[in-house]
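Hi everyone, thanks for coming.

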Amino acid sequence: MRFGSYRIDIPFDKIRGNKRILLQLPAGLKIYARKISDLIEEITGSEVILSSSSCFGACDLALDEAKAVSADLILHMGHLPIPSVRVDFPVEFVNAVIEIDPERIARMIRDNIYEKKVSLVSTAQHVDYLEEIGRLLKGYDVLLGKGSERIAKAGLVLGCDFSSIDAGADAVIFIGTGSFHPIGICMARKKRVYSIDPLSMRISNPEELMEMARKLMRIRLSLVSRSMDARSFGIIVSKKVGQNRFGLARRIKRDLEKREKKAHLLIMDDVRPDLIEDLGGFDCLVSTACPRVAIDDYQGFDIPILTPVELEMVIGKRRMEDYEIDTFSP
Ligand code: SF4
């Protein structure tokens with residue numbers, strides 16, 4: 001079934017029989033929420049409750065909301081499941097696919113990319129097409145990595161997990177939109193990255209992407225430097241089931257206290273500057289939640305917000321030249 005540029009195959013037969021369904025969608029799909037809800041109610045007879053909270057990934061399941069309305073099922077759309085995240089509640093994941101033209105993409109690769117041993121990766125919207133693109137690339141050694149236990153499909157990358165990138169590849173080809181993933185791949189794997197936008201059919205220059213990655217690293221290192229004299233730290237732990245790194249947060253607290261710094265653990269759902277301000281002033285924050293929080297949202301905070309890896313630099317456990325992007329899997 002089509003919803004704008006998305007193809008969503010709603011599994012009516014599978015969800016039929018649930019009396020009450022909590023429907024959860026990410027921001028880009030929320031516009032279709034009422035239409036999808038009406039269809040489900042009409043076809044299955046189930047009662048549907050729309051989650052209007054933010055939803056950033058499969059890590060972010062609306063368990064509290066589902067329990068609050070006594071739902072029988074969470075229908076989570078727009079992401080693939082994270083296999084290592086297990087919950088004691090029925091959840092059905094439904095991906096939202098944006099159709100692309102594998103033949104045109106393969107042609108673009110053949111015309112522009114000279115490296116022959118390539119790791120092919122994408123996000124949930126296009127990951128289904130990777131095998132076909134790989135088959136069309138005769139003469140290339142196309143590697144589709146299985147990745148860690150957070151990865152549902154070969155070649156899938158998440159903003160928190162680049163483990164499906166094959167270490168033996170000479171270059172990485174990312175099929176998708178936006179620069180966050182390709183920059184993350186540059187920082188995590190230190191390889192040439194080609195990013196192909198399958199909608200506009202534009203291919204990015206690997207040097208430009210690497211320069212963007214270097215610029216981001218300079219910003220991050222300046223935040224590390226700013227944090228060197230910090231005395232009080234707030235360590236953010238996410239309430240979201242697939243972002244929770246409580247054990248790591250506790251280790252960070254112990255590490256800070258050993259160095260006679262003040263440290264407090266903060267549990268939060270969405271990480272927002274106003275909520276931190278309500279707790280009084282900290283000199284520095286460390287986020288063990290989604291790695292994107294510290295990287296994407298740092299400008300919203302008056303104080304540095306660091307990743308766990310960056311905190312290691314502040315306390316002298318890691319050298320500046322050994323910078324690594326924060327991920328959930330190595
Ligand atoms: S932790 Fe962040 S990057 Fe990872 S799946 Fe969740 S929202 Fe995406």
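I'll start with the whole chain and then go to a few places in it.

First, a word on where this comes from. This is a predicted model, in which local features need pLDDT of at least 70 and side-chain atom pairs count only at pLDDT 80 or more, while totals for chains, interfaces and linings use all residues. Residues are numbered from 1 along each chain as its sequence is written, and side-chain values use heavy atoms, with hydrogens and water left out.

Let's begin with the overall picture. The protein chain has eleven helices and 16 strands. Along its principal axes, the C-alpha trace spans about 60 × 55 × 30 Å. How does the radius of gyration agree with that of a compact globule? For 330 residues such a globule would be near 20 Å, and the protein chain has 21 Å, so the two agree. That radius is taken over C-alpha atoms, and the globule rule is 2.2 Å times the number of residues to the power 0.38.

Next, the surface. The accessible surface comes to about 15,500 Å², and 49% of this belongs to carbon and sulfur atoms. These areas come from the Shrake-Rupley method with a 1.4 Å probe, and for residues only the protein chains shown count as cover. Of the 330 residues, 52% count as buried. Buried means under 20% relative accessible area, exposed means over 50%, and partly exposed is in between (1.4 Å probe, protein chains only).

Now to the start of the chain. Strands β1, β2 and β7 form an open sheet in that order, with antiparallel pairing. The edge strands are β1 and β7, each pairing on one side only. Here two strands pair if DSSP finds at least two bridges between them. Strand β2, residues 6-8, meets β7 over three bridges, and R7 stands opposite V97 in β7.

How many aromatic pairs does the structure hold? There is one. F3 and Y32 make a tilted pair, 5.9 Å centre to centre with 55° between the planes. F3 is in strand β1 and Y32 in the loop between β3 and α2, 29 residues apart, so the pair links distant parts of the chain. To count as a pair, rings of Phe, Tyr and Trp (its six-membered ring) need centres within 6.5 Å; planes under 30 degrees apart are stacked, over 60 edge-to-face, and the rest tilted. F3 and Y32 are both buried.

Is it enclosed or open? Five of its six residues are buried, so β11 is largely enclosed by the rest of the structure. On one side, five bridges join it to β10, and these two strands run parallel. I175 has I196 as its bridge partner in β11. I196 also has a partner in β12, namely I203. Strands β11 and β12 run antiparallel, joined by two bridges. They form a hairpin with four residues between them, and M201 in the turn has a positive phi of about 55°.

Together, β10, helix α6 and β11 make a right-handed β-α-β unit. Right-handed means that, with the strands pointing away from the viewer, the path from the first strand over the helix to the second runs clockwise.

Let's look at one residue in β11, S195. S195 is buried, at 8% relative accessible area. Leaving aside neighbours within four places in sequence, its contacts include F174, P182, I203 and L209. Contact means heavy atoms within 4.5 Å.

Finally, two loop residues. Most residues other than glycine have a negative phi. K190, in the loop between α6 and β11, has a positive phi of about 50°, and K190 is exposed at 51% relative accessible area. E260, in the loop between α8 and β14, has a positive phi near 60° and is exposed at 65%. By contrast, D255 in helix α8 counts as buried at 13%.

That's my tour, so please ask away.
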